[in-house]
Amino acid sequence: MKVLHLNPGLRPGGITGQAADLARGLQAAGIKNIVMGPASELIGALDAARVRHITCRTGGWLKTLAAVRKLRKTIISIAPDILQTYTPEAALMARLACMRLRRRRRPALVGVVTGFMSARWQRWAMGACDALVFSSRYLRKVMTERGFVPKGAEVWVIPGGVDESLCYPGYAPSADWMEQWHLTQQHGRHRYTLCVPCPISPLHGLEDLEPIMSVLLNNGLSPLAYIVGDSGKADPNYLESLRNHFAEAHLDERIIWLGHRPDLRDVICACDVTLYLSRRPESYNRPILEALSLGRPVAAYDHGVVSELLEAFLPEGRVEPDKARAMADVLLQWRTYRPSLPGQIPPPYRLSDTVSAYRKLYEGLR
């Protein structure tokens, strides 16, 4: 069996790196994989796993149409059994590329859906898929209600699992990393440290740190929050207002802006608790999955995919949305009685679970 993965946004991390992780896992399971996407740092890992990479660039209609032509030629040349797409743009390219192909040359189309869709062209692109794979039950529910599931298509929920060789309960940063952390973050010693990994935007509830930390302070704790998010991508006016908000609450010295961190696993492990305060339900959240997979406690508002993750790993970490006081109460309780997490990553959140589920899906489409 041959699987052609099409991901025009291929790059390390999060949703965009899922195609490479899955391809490597499937390759190890005996399925031949080809990844089509832009050149990136992932090529070395693909080469090491003996996964072929084909460069594909998009951007504007001219480049996208050229990519569609290249995709059609690739399908004819390598004759994949499965063509799997990871974005609505990729699904559109796949539908256009397969329109003029004879049925015996047309691979089965699998559309991986990791985010919300609303545009008419996205619905049309997904309409050609033989199977749709949603990254969470919540996302499947929303997209079904919006009419984005083609009639007759198989519908699966397969979360993108974590690689247990990199992320597992009991993982600990190296001694060198911890020494550097303590040197650069001396103000974190003997504090109740909170890791808050999220984009810096009004949708992600960072203002709730003020009432949460105030409650902790009033109860004799000394909290310190590390915000892990790229401030360079934040709206400057919003970022300034957020900084002013913390300063007015006399919390500016207790808020540490770490920016984007490629070593997020280590930062999570160096902190007492990971928080997620998003005001709206989300369809995908890799940092929270990794934090829970590392065996670290997570407290988050109870909606979207984060609710599903906490249900599997740590149900007591779920807090009614927008109830900052309730969030603070959970943290106070955990300071005294640290919560217990599973000693192993529960299915279906391991990469091996993801590979097995996709393999079963492919076999049903042959």
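Among contacts (heavy atoms within 4.5 Å) between residues at least 6 apart in sequence, 70% join residues at least 24 apart. The structure is a predicted model, in which local features need pLDDT of at least 70 and side-chain atom pairs count only at pLDDT 80 or more, whereas totals for chains, interfaces and linings use all residues. Residues are numbered from 1 along each chain as its sequence is written, and side-chain values use heavy atoms, with hydrogens and water left out.

The secondary structure comprises 14 helices and 13 strands, both taken as DSSP runs numbered from the N terminus (helices being H or I of at least four residues, strands E of at least two). The radius of gyration, taken over C-alpha atoms, is 22 Å, close to the 21 Å that the globule rule (2.2 Å times the number of residues to the power 0.38) gives for 366 residues, so the protein is as compact as a globular protein of that length. Along the principal axes, the C-alpha atoms fill a box of roughly 70 × 40 × 35 Å. Of the 366 residues, 52% count as buried, that is, under 20% relative accessible area, with exposed meaning over 50% and partly exposed in between (1.4 Å probe, protein chains only).

In soluble globular proteins, nonpolar side chains tend to be buried together. Here the largest nonpolar core has 67 residues, and those with the most contacts inside it are L206, L209, L275, L292 and L331; such a core is a set of buried Ala, Val, Leu, Ile, Met, Phe, Trp, Tyr and Cys residues joined through side-chain atoms within 4.5 Å. Helix α13 (residues 324-336) supplies the largest share of this core, seven residues. Apart from this core lies another, of 27 residues, among them L22, V112, I158 and A357. When residues up to four places away in sequence are not counted, L292 touches V298, L309, L310, F313, L314 and L341.

M327, found in helix α13, is buried with a relative accessible area of 0%, and, residues up to four places away in sequence not being counted, M327 touches I212, L275, Y276, L277, A299, A300, Y301 and V319. M327 and G170 are 157 residues apart in sequence and 26 Å apart in space, C-alpha to C-alpha. S293, which lies in helix α11 (residues 286-293), likewise counts as buried, at 0% relative accessibility; its neighbours within four places in sequence left aside, S293 is in contact with V162, C167, Y168, P169, F313 and I345.
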